[in-house]
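Reader: I have a model open and want to learn how to read it. Where do we start?

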Amino acid sequence: QQYPSFFRTIPSDQFQADALAKLVKHFGWTWIGAVRSDSDYGNNGMASFLHAARKEGICVEYSDFDHRAFRWMMTMVFAVEEINRNTSLLPGVKLGYRIMDSCDHVHTSLRALMSLVSHSKAWMGELKQMVKTEKILDMPKETLPSCLVDYPVPAVIGLASSTPARAVAHTLGPFNIPLVSFFATCTCLTNKDSYPSFLRTVPSDLFQVRGLVQLVTFLNWLWVGTIGTTDDYSQYGIQAFSSQFKKQGGCVAFHLIIPKSPSVTELQDIANKLQSSTAQVVVVFATEGQLLDLFLELAERNVTGIQWVASEAWVTASLLTSPHFHPILEGTLGFSFPGVMIPDLEEFLLNVRPSPKPGHEFVNMFWEELFGCTLEFRGEGSKEREADTSDSAGHSNSFTSSQLLQHLKKVNFTNQFEEKVYFDSNGEPVPLYDIINWQKDSKGKIRFVKVGSYDGSALFRQQLQIDHSTIVWTEGQSQVPISQCSAPCLPGTRQARRLGEPHCCFDCLPCADGEFSNQTGSTECTKCPEYHWPDKEKVKCVAGIEEFLSFHDAMGIILVALTLLGVVLTTIVTVVFHRFRTTPIVKANNSEISFLLLLSLKLCFLCSLVFIGQPSVWTCRLRQATFAISFVLCLSCLLVKTIVVLLAFRANEHASRALKLFGPCQQRSLIICTIAPQVCLCASWLLGAPSFPFKNPNYQASTGKVRITVCKSDIFDTILLVVP
């Protein structure tokens, strides 16, 4: 009926499936395993083989039945029946439904949609034919399915996966047929230009990504890996997470993609990368079915110590809570949609029974899967089928799909669980999440424990609420795991980024001379203030110790001793000369010049004392001027005495005449003439560019002291003290 013009020259897979079942039975293999590819060929072929194997009494260890999706489906059935039963919920409205299996595949989803549309159209054609043949002349007009006046299907609920939801939403959009998803969270579906009739009862992954980024940064995990699949949900989620995570200063260590139908080699490669990576935290955007094979490989290798951060798609998946996965998945942390206890739902699910009636196919499959049997119904006939079909969908109120879409966009009420239900301009609800932690109970079973919450509509500082003390981390640890490419640099060092690697990977180098860092993880060292130097660890700056030639230093003591010795000896000579000043010998040496020479020598000796002690403005000025004048006076006296001696030892008439002409007055004049230029020079220097204390700005790494070694002038420097 669906492919009336299709022919082929090879037999259908149904015959191949029957033949394979008979072959297996021929060899006596009654307990076998089965593997399929995720394609139409694999899905349909496996379904045919399983049916044939059951007929032959062969047990196949293979499960393709999604218990989680079955619970979702039955919960929706319960909701519809509750609405129809309780007239206070939707007064005057009766709901009908038809459930199609999308198999979590784009092509199957579109085929199910077309089947739903064609089924409704066929029903409409049948009704029209009944009108023509006057078979419903006595039927009240209001009992006709007037809800199908504008379009056969008024609304579609589903799908759980984002990729099939995109395909169906894109198809239904031009017809304004509402598509309400309960689990498709991809950010791509927010685009109302492409998906104008799409709404969802779960928030976009945009909010989940923001929450996950806040969670990992709050726990100081800035070096994480990511794992995703090839579908839209994973790709858009990982892309948004990586982008926002990097803006917060984080680094993505790796991004691994699980293929649609991974081979053993591909799974081993992913496991090898997980084992070799230094990232101990891994964020995963995928479903439990897509992760099952990878976790089996990791469990086989006993890969532990990884802190898993789960998206809402698998954080509450019971499929992964078997004891086989406890060593690797205990302590998993992730976001989940808030859960509530629905009254009477448990009783409804426990009363689900198989039936030959149409619409119970999934219930029958569930029983066959659960009990490993094949159901056969006898004697319950087509009478029930006809009765069920006649009232499978009927609405007493007339409306169009466009009108229904507009009403859905304006929905705003508070349900019996005190939850506010409405859609924003993008067709999305309030972004609320629970933070779930996988913890073992006293019986050794994994329980999903709520340890916090995230409200995307609250103020930024109030969005993430988490009880840190109640969290159990990977391998049952009580301490937060550490995930870092490089350990933070200690105080006294700085980070030096490694070439070609993320900024989270770096080396730690000690601060340069004259710099310090007093924080862990510093990227730069700070220069110390002037005349301050870092300590040995370079974690703080200390005021430099001013080092100068002190009277208490050994060199200062020796210099003072020599100075005093020189002064004492000069004084003794002066006393002797004064005592015998009337003697011919003293008179012959020109006692006046001799006393002046001895005075200049005393001043030269005493000037050295000015060079000892902490330099100041006045000592810098006095030490150079007094020493210069005293030294020139000493030389002038020596010059005069030398001239007198030379003239005295020349025994000729001209020398005697010159000696008489170079008398005391001339000698005094010569001394004054030689010392006057020096006095003028020193006075000009003191007035124009005097010396001042100068602190050596060069850091002495060996001692860490500031050395005042010079009295510096703008014209010239005179180094007065040299310290090795």
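Author: Start with the record. UniProt positions are given here in the numbering used for this chain, feature names are shortened, and annotations may be inferred rather than shown by experiment. For "transmembrane region", the unreviewed UniProt entry lists residues 554-577, 593-613, 625-649 and 670-688. This is a predicted model: local features need pLDDT of at least 70, side-chain atom pairs count only at pLDDT 80 or more, and totals for chains, interfaces and linings use all residues. Residues are numbered from 1 along each chain as its sequence is written, and side-chain values use heavy atoms, leaving out hydrogens and water.

Reader: How many helices and strands does the protein have?

Author: The count is 21 helices and 26 strands.

Reader: How much of the protein is buried?

Author: Buried means under 20% relative accessible area, exposed over 50%, partly exposed in between (1.4 Å probe, protein chains only). Of the 724 residues, 39% are buried.

Reader: Where is Pro529 found?

Author: Pro529 sits in the loop between strand S19 (526-527) and strand S20 (532-534). Its relative accessible area is 49%, so Pro529 is partly exposed.

Terms used: Helix = DSSP H or I, 4+ residues; strand = E, 2+ residues; numbered from the N terminus.
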